[in-house]
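Subject: Structure for your review

Dear colleague,

Please find below the structure that I am handing over to you. I would be grateful if you could read the notes after it with the model open.

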Amino acid sequence: MARRLRPVDLDFVGTAPVRLVFAREVSASPEQVFRALAEDVPGWTQWFSAVTLARATDGGAGREIRLGGGIRFEETVLAAKAPEVYAYRVDATNAPGVRALVEEWRLTPLGTGTRMRWTFAADGTAPLRLVLGLARPGLGRAFRDAVTSLDRRLARR
């Protein structure tokens, strides 16, 4: 059963008890990357292997996300400022131990490409905080693989 999480705003990205930050450069432009993140929500299943379902809700103001293993998220988009930042807050999830969660994607021009920075900001029970710390390498690998896959996908367009 999905539980409601504490509503937090975008400032939570800088104050969360757990902040996992990953960055990678891609050859696609910030505009291309932003469109893939914010405007082609269903396309996430094509480049982020953990995502099994992604759809916009509330006319694009929200998202429904499902991950492998049955984890579900109902989200609110907190920022969609093209082509610089896309961020969302998890409002409800069936993931245990989570109290608040925001993910932020920052895009910075880098020559003709983009530097993508993903911040995973969370609060939760002590066991969840421990697990997230241990999961950092796996989340980093998932981020790198997803961003590499996204860059290849955008290069084909």
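Predicted model: local features only at pLDDT ≥ 70, side-chain atom pairs only at ≥ 80, totals over all residues.

The largest pocket has a volume of about 530 Å³. It is lined by 26 residues, and those closest to its centre are Leu67, Phe73, Leu101, Phe120 and Leu139. Several elements contribute to this lining: E4, E5, strand E7 (98-110), E8 and H4 each supply at least two residues. The greatest contribution is that of H4, which provides six residues.

Salt bridges

Side chains of opposite charge can pair when their charged atoms come close. How many salt bridges does a search of the whole structure find? The search finds eleven, and I describe some of them here.

In one of these, the side chains of Asp123 and Arg6 meet, with an N to O distance of 3.1 Å. This pair links distant parts of the chain, as the two residues are 117 residues apart. Asp123 belongs to strand E8 (residues 113-124), while Arg6 is in the loop between strand E1 (3-4) and helix H1 (12-15). Asp123 is classed as buried because its relative accessible area, 12%, is under 20%. Arg6, at 38% relative accessibility, counts as partly exposed.

A second salt bridge joins Arg55 and Glu64, whose closest N and O atoms are 2.5 Å apart. Here Arg55 is partly exposed at 42% relative accessibility, whereas Glu64 is buried, with a relative accessible area of 17%. Both residues belong to a network of salt bridges that also includes Arg66.

A further salt bridge is formed by Lys81 and Glu84, with 3.3 Å between the closest N and O atoms. Lys81 is partly exposed, its relative accessible area being 49%. Glu84 is likewise partly exposed, with a value of 36%.

Backbone

Two places in the backbone deserve a look in the viewer. Which residues are joined by a cis peptide bond? They are Ala82 and Pro83, and omega is about -10 degrees. Pro83 is placed in the loop between strand E5 (72-81) and strand E6 (85-93).

The other place is Asp58, where phi is near 50 degrees, a positive value in a residue other than glycine. Asp58 sits in the loop between strand E3 (51-57) and strand E4 (62-67). Is Asp58 buried or exposed? Asp58 counts as exposed because its relative accessible area of 69% is over 50%.

Helix H4

Ala155 lies in helix H4, which covers residues 126-155. Ala155 is exposed, with a relative accessible area of 61%. Along the chain, Ala155 and Ser27 are 128 residues apart, yet a distance of 8.0 Å separates their C-alpha atoms. Helix H4 also returns us to the pocket, as H4 gives the most to its lining.

With kind regards

Key. Residues numbered from 1 in each chain as written. Heavy atoms only, no water. Helix = DSSP H or I, 4+ residues; strand = E, 2+ residues; numbered from the N terminus. Buried < 20%, exposed > 50% of the residue type's maximum accessible area, 1.4 Å probe, protein only. Salt bridge = Lys/Arg side-chain N within 4 Å of Asp/Glu carboxyl O. 1 Å grid on protein atoms, 1.4 Å probe; cavity = no way out; pocket = protein on both sides within 12 Å on 5 of 7 lines; lining within 4 Å. Points joined across faces, edges and corners; volume = space filled by probe spheres on them.
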